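Good morning, and thank you for making the time. Please look at the sequence and the structure together.

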There are 2 protein chains.
Amino acid sequence: MESDDGEVPISGRGVAKVLDSRHPDYKKGDFIWGITGWEEYSLITATETLFKIHDKDVPLSYYTGILGMPGMTAYAGFYEICSPKKGEFVFISAAFGAVGQLVGQFVKLLGCYVVGSAGSKDKVDLLKNKFGFDDAFNYKEELDLDAALKRYFPDGIDIYFENVGGKMLDAVLLNMRVRGRISVCGMVSQYNLEQPEGVHNLMHLVQKRIHMEGFLVYYFYHLFPKYLDMVLPYIKQGKIVYVEDIAEGLENAPAALTGLFAGRNVGKQVVAVSRE
Amino acid sequence: MESDDGEVPISGRGVAKVLDSRHPDYKKGDFIWGITGWEEYSLITATETLFKIHDKDVPLSYYTGILGMPGMTAYAGFYEICSPKKGEFVFISAAFGAVGQLVGQFVKLLGCYVVGSAGSKDKVDLLKNKFGFDDAFNYKEELDLDAALKRYFPDGIDIYFENVGGKMLDAVLLNMRVRGRISVCGMVSQYNLEQPEGVHNLMHLVQKRIHMEGFLVYYFYHLFPKYLDMVLPYIKQGKIVYVEDIAEGLENAPAALTGLFAGRNVGKQVVAVSRE
């Protein structure tokens, strides 16, 4: 992808309308989501990164989030990796993230019990009061994560949706139930450490016969139509809470980006480059 | 299980002939393997721990090892947890153990490449020259386990049969291939540590989409007939190497037991309490 003056624009996940196409699958007027540029007009040659939008009865921006990559991540990581059953006990770390919020709601819609951890009181309150989590806690206020998990899961954890790694994973291993499943989506607490923290309790994998599996969403996109069949009705019936923070105009994109790192966004940060 | 004088004998895995039975599945003259006592005559009430022996064309003592619990452990941990495919690269730690020796041979019979680690030059030589491993190394002589694994697996590891944990697991994670599988049978290097070593490289689970699973053999015994169908022909055709170290007489059992901890046994330690 290259702009007319030869400079390569920043790329990101966007929604766009096809103005012209030489690809047999896309014609003028189609809408797509996928890897696009931070620019008003894009020439996209990597069409394998694109998905055609068929249902336009929802805000098109949703295809950058709940109906796009984060949504598919939540779906694949929970349903495909964890094989959840109604009534199970589910724990989600970094639960206020774009993926965690969705996983928690999928958990509730399936009829499971869900607790999330997050890094501030505000996020904890929102998880409980807006996103429908059964409970949530601020991991920064817990000196003993094992004790915290025992408080929220006196009968143990069946499914752990892992976003953070390190000490939290160690505490979770102590609290997993027999035949538990750990879906490893990320280990964000470890990425910026010179040496990742050690995880000491992996022996629990044996006695509890735990299945732990890492995954990348890219290998589950063949399930996208199945995901849409599940999630679109929920969205239309108002059964899923999804919050966007929309910056208007490409000129506001840089500020929106830096705002992410300062935690200024409320919900999924979207930049409206243009509107239909 | 209780002896006549009310003292509970040491229990262990044994083979026995039924002398009398009130259980409908067992009749006088049948042979069984399972949890028996260190004694000449046993009263066994926990019959759910017993398996009837149908094939007596092999040494009966084999039902304490290759045709018993260690054999089923090797079978379940390799075939059921790892879903191996011909041509894959397999690494086994503590490969000279009763289970590791068998896994390595199953790997070769399937047409995979197998390397094992062990703790002495003698064991390494036997793995290569007697048990048919493609290669083997003494982990105590390797200052850098990552470098050692890269030497033996320049293209990476598809399947890791995990018996030790700790530093070895950390090095293996660096060398796993995409969609690799780690069957966690045990973590013997960690059992006697006050605080288990930390494992730092679990982030590789995500990028490489690795499946890691702990297991206990007890939950795979329903596959025992299937295992026998596979392994008995191999044994009868001489395609599997299996070594026993037989102590004669119950009076020699204590010395045989302490010999295990001193590494005096050569192969599976068996005590012949009586013979047919």
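Contact, in this talk, means heavy atoms within 4.5 Å. This is a predicted model, in which local features need pLDDT of at least 70 and side-chain atom pairs count only at pLDDT 80 or more, while totals for chains, interfaces and linings use all residues. Residues are numbered from 1 along each chain as its sequence is written, chains are lettered from A and ligands numbered from 1 in the order in which they are written, and side-chain values use heavy atoms, with hydrogens and water left out.

I begin with one residue of chain A. A:T73 lies in helix 1, residues 69–82; helices here are DSSP runs of H or I of at least four residues, strands are runs of E of at least two, and both are numbered from the N terminus. Leaving aside neighbours within four places in sequence, A:T73 is in contact with A:V99, A:F161, A:C185, A:F215 and A:V217. With a relative accessibility of 7%, A:T73 counts as buried, where buried means under 20% relative accessible area, exposed over 50%, and partly exposed in between, with a 1.4 Å probe and protein chains only.

Let me turn to the interface. Chain A and chain B each contribute 28 residues to the contact. Together they bury about 2,500 Å², 66% of it on carbon and sulfur atoms; buried area is the accessible area, for a 1.4 Å probe, that two parts lose on being put together, summed over both. Of the area that chain B buries against chain A, 24% comes from B:M203, B:V206 and B:R209, more than from any other three residues.

Strand 9 of chain A, residues 211–214, pairs with strand 9 of chain B in the antiparallel sense over 3 bridges; pairing requires that DSSP find at least two bridges between the strands. Within this pairing, A:H211 stands opposite B:E213.

How many salt bridges cross the interface of chain B and chain A? There are 2, a salt bridge being a side-chain nitrogen of Lys or Arg within 4 Å of a carboxyl oxygen of Asp or Glu. One joins A:E213 and B:R179, at 3.3 Å from N to O. A:E213 is buried at 10% relative accessibility, whereas B:R179 is partly exposed at 41%.

Finally, a salt bridge within chain B: B:K150 and B:D146 have their closest N and O atoms 2.6 Å apart. Both residues lie in helix 4, residues 145–152, 4 residues apart, about one turn of the helix.
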